[in-house]
Amino acid sequence: MNQPVVISTANIGGPMEGQGLLGKHFDIVMEDNIKNFDSWEQCESYMLEQVITRAIEKISGSVENLEFILAGDLLNQLMSTHFAMRTLARPFLGLYGACSTMIESMMIGGMMIDGGFADVLAGAASSHHDAAERQYRFPTELGVQRPPVAQWTVTGAGAAILASKGNGPKLTYATVGKIVDMGIKDPNVLGPAMAPAAVDTLVTHFGDTGRTPQYYDMIFTGDLGDIGKEIVIKLCAEKGFDLSNNYEDCGCMIYKEDQDAHAGASGCASSAVVFCGYIYQKLCEKNYSKILLVGTGSLHSPTSYQQNESIPCIAHALAIEV
Amino acid sequence: MHKKQAEEKVKKQYQDKVDKIMPKPPILKNLLWAFFVGGIICVIGQLIQDYFISIEISKKDAAACTSVVMVFLGAFLTGIGVYDEIGKRAGAGSVVPITGFANSIVACAMEFKREGFVFGIGAKMFVIAGPVIVYGLVAAFVVGIIHWFRIFY
């Protein structure tokens, strides 16, 4: 048994993320959202390349040391990821878990290391506000009013290097979620759509391990936003788990109130930039010794909601302990 | 069958619960914004029309010229990235006037120009405005038929 260790992380954010609450916890903050590239998608590929390279260089390695890269993003056919991987040219497995992709990549990466199939690999995820807007909603320059429940897709990426040995927090337990769909159809209401999936995974995790929420210093969900977070606390209380003291949502940690993000952050990069920056630093500084990271993803597509389907959601939980 | 019904019931209960805690949009604030921004756009249009009439353009031609100028302004403000900032606050106040129509076309053209002139700009320019044109024509047709019946019967 090789307990997977998170030996390094790196993250990148756009200008809005850099000015947000976690501004000083970014390795790289871009000056603008497109960085002289021809498209948002190219900029997203660049971000993904940067974080993977930066994460491995932090521990004086090079990309050639990575035995596998597991990564994904929000776009059709994982466009940004595939072009980033063309540049990095390492053995690659593409993942789609919508906004849960970062956790999914670390979970599967952890299994590969634990099973002895790899010694060093990278898990990564990215999202880009404008690329996501144009695919899922409207062209970026269209003058539309967003409802208060809408969340803001994070422009950013995060990468975590997992290894079979080394210093750093360890992945100790993973709970793979199942799809939960409570019939919410409005693609602006993603937090409340995903909250039941997060609760289902949390309850399963506590049931499987016999742990209580108090076992962890902090429990983080990926991108439920203000309203989703409130629902998770309520639903968990109904199931007998008290999350009121040690639970936070990554989507509520990125933007300031006056940044007009409405109900908070969303996107693959929401959990990716918060884990690969703030949370990882807190773990290394031993401010936290046990955390539970729950990646939440809403697995709808523009076609599915136009065909009036409801939003299928998923959540995966990963326990990380120092 | 019972299981399915029970599931539907649980879903319905959850949706009701969500509806209760969902933040309501600030309706009064939105209405005021829409009223004033929409009003200002119309006042600008009126001023332009008055100007055209003052330089002795016929009233009918002045209306057409005004539309051209307003479409240009909407397109220009979209191009320099201002119109979406206005639309974010004004909502329908900036969507309903003809400047909003210009915005919906130019925003699509800008966004999809990366896919080229044919399948990008050409095909996707009317993604948002297309339905407006289609159903506008259908409505005009229906009204036209009613008008026709009224003349003959």
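**Close-up views of a predicted two-chain model**

**View 1. A salt bridge within chain A.** The side chains of D27(A) and K58(A) form a salt bridge, 2.9 Å from N to O (a side-chain nitrogen of Lys or Arg within 4 Å of a carboxyl oxygen of Asp or Glu). D27(A) belongs to the loop between α1 (15-18) and β2 (28-29) of chain A and K58(A) to helix α2 (residues 40-58) of chain A, so the pair ties together parts 31 residues apart in sequence. Helices (H or I, at least four residues) and strands (E, at least two) are DSSP runs, numbered from the N terminus. Over all chains, the structure holds 13 salt bridges. The model is predicted: local features need pLDDT of at least 70 and side-chain atom pairs count only at pLDDT 80 or more, whereas totals for chains, interfaces and linings use all residues. Residues are numbered from 1 along each chain as its sequence is written, chains are lettered from A and ligands numbered from 1 in the order in which they are written, and side-chain values use heavy atoms, with hydrogens and water left out.

**View 2. Packing of helices α6 and α7 in chain A.** Helix α6 (residues 190-209) of chain A packs against helix α7 (residues 225-238) of chain A at an angle of about 35 degrees, with the axes 8 Å apart. Axes are lines fitted to C-alpha atoms, for helices over the stretch in contact, and angles run from 0 to 180 degrees between N-to-C directions.

**View 3. The interface of chain B and chain A.** Contact joins 33 residues of chain B to 30 residues of chain A. About 2600 Å² is buried between the chains, 61% of it on carbon and sulfur atoms; buried area is the accessible area (1.4 Å probe) that two parts lose on being put together, summed over both. In chain B, Y14(B), I21(B) and E111(B) lose the most area to chain A, together 26% of what that side buries.

**View 4. A salt bridge between the chains.** K17(B) and E238(A) meet through their side chains in a salt bridge of 3.1 Å, N to O. The count between chain B and chain A is four salt bridges.

Key: Contact means heavy atoms within 4.5 Å.
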